[in-house]
Amino acid sequence: MSLLQGLMLLLACAPGALSFSKCPTLDIELYRHRRIEAIRGQILSKLQLKEAPDPDDLPDEVPLETIILYNSTRDMLKERARRRETLCVRSGPMEYYAKDMYRLDMVPASYRESKVKSSLSHSPQLPRE
């Protein structure tokens, strides 16, 4: 019987123990709403707008100048891509490697040191000892 009373006492104290927690509960909906508002603010800041434009104020059709500018930019980018492709195909793998070959004779270090010493001893710029 005392075990049952102890268990009931423990269950009765459980809600009170939860109120001592210092960690606040996280409201997911509030967090999600604040995150969306922060992202919306960043977008408006990037577009240099103070508030979101009203959808009713937007024009029904895109102006002709904007369409022409868009089409010319798209065509220019396509032409650049075509030029890059032709340059890559035309050059091929042989353009990657050097066309001139140079031969470098490797001389033993002892031979180099003796030549340097002998050339320094007869140099007109250096005083002889």
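Which residue takes a positive phi just after H2? In this predicted model, that residue is Gln48, with a phi of about 60 degrees.

## Overall fold

The protein chain contains 4 helices and 0 strands. Read along the sequence, its elements follow the pattern α-α-α-α.

Of the 129 residues in the protein chain, 2% are buried. The chain exposes about 13700 Å², and carbon and sulfur atoms supply 62% of that area.

Helix H2 covers residues 28-46, a run of 19 residues. From its first C-alpha to its last it reaches 27 Å, close to the 27 Å expected at 1.5 Å a residue.

Gln48 is found in the loop between H2 and helix H3, the latter covering residues 64-91. Gln48 has a positive phi although it is not a glycine. Most residues other than glycine have a negative phi. Gln48 counts as exposed because its relative accessibility is 72%, and the cut-off for that class is over 50%.

## A nonpolar patch on the surface

Ile39, Ile43, Leu47 and Leu49 form a nonpolar patch on the surface. Together these residues have about 340 Å² of accessible area. Leu49, one of the members of the patch, is found in the loop between H2 and H3. With a relative accessible area of 37%, Leu49 is partly exposed.

## Salt bridges

The count of salt bridges comes to 5. One of them joins the side chains of Glu29 and Arg32, at 3.8 Å from N to O. Both residues lie in helix H2, 3 residues apart, which is about one turn of the helix. An α-helix has 3.6 residues a turn, so residues three or four places apart point the same way. Glu29 counts as exposed, at 52% relative accessibility.

Another salt bridge links Arg82 with Glu79, and their closest N and O atoms are 2.8 Å apart. Arg82 and Glu79 are separated by about one helical turn because they stand 3 residues apart in helix H3. Salt bridges that share partners join Glu79, Arg82 and Arg83 into one network. Arg82 is partly exposed, with a relative accessible area of 47%, and Glu79 is also partly exposed, with a value of 32%.

Arg74 forms a salt bridge with Asp75, with the closest N and O atoms 3.9 Å apart. Arg74 counts as partly exposed at 34% relative accessibility, and Asp75 counts as partly exposed at 43%.

Note on methods: Residues numbered from 1 in each chain as written. Predicted model: local features only at pLDDT ≥ 70, side-chain atom pairs only at ≥ 80, totals over all residues. Heavy atoms only, no water. Helix = DSSP H or I, 4+ residues; strand = E, 2+ residues; numbered from the N terminus. Expected span 1.5 Å × (residues − 1). Buried < 20%, exposed > 50% of the residue type's maximum accessible area, 1.4 Å probe, protein only. Areas by Shrake-Rupley, 256 points an atom, 1.4 Å probe, with all protein chains shown as cover. Patch = residues over 30% accessible without salt bridge, like charges linked within 9 Å, V, L, I, M, F, W, Y side chains within 5 Å. Salt bridge = Lys/Arg side-chain N within 4 Å of Asp/Glu carboxyl O.
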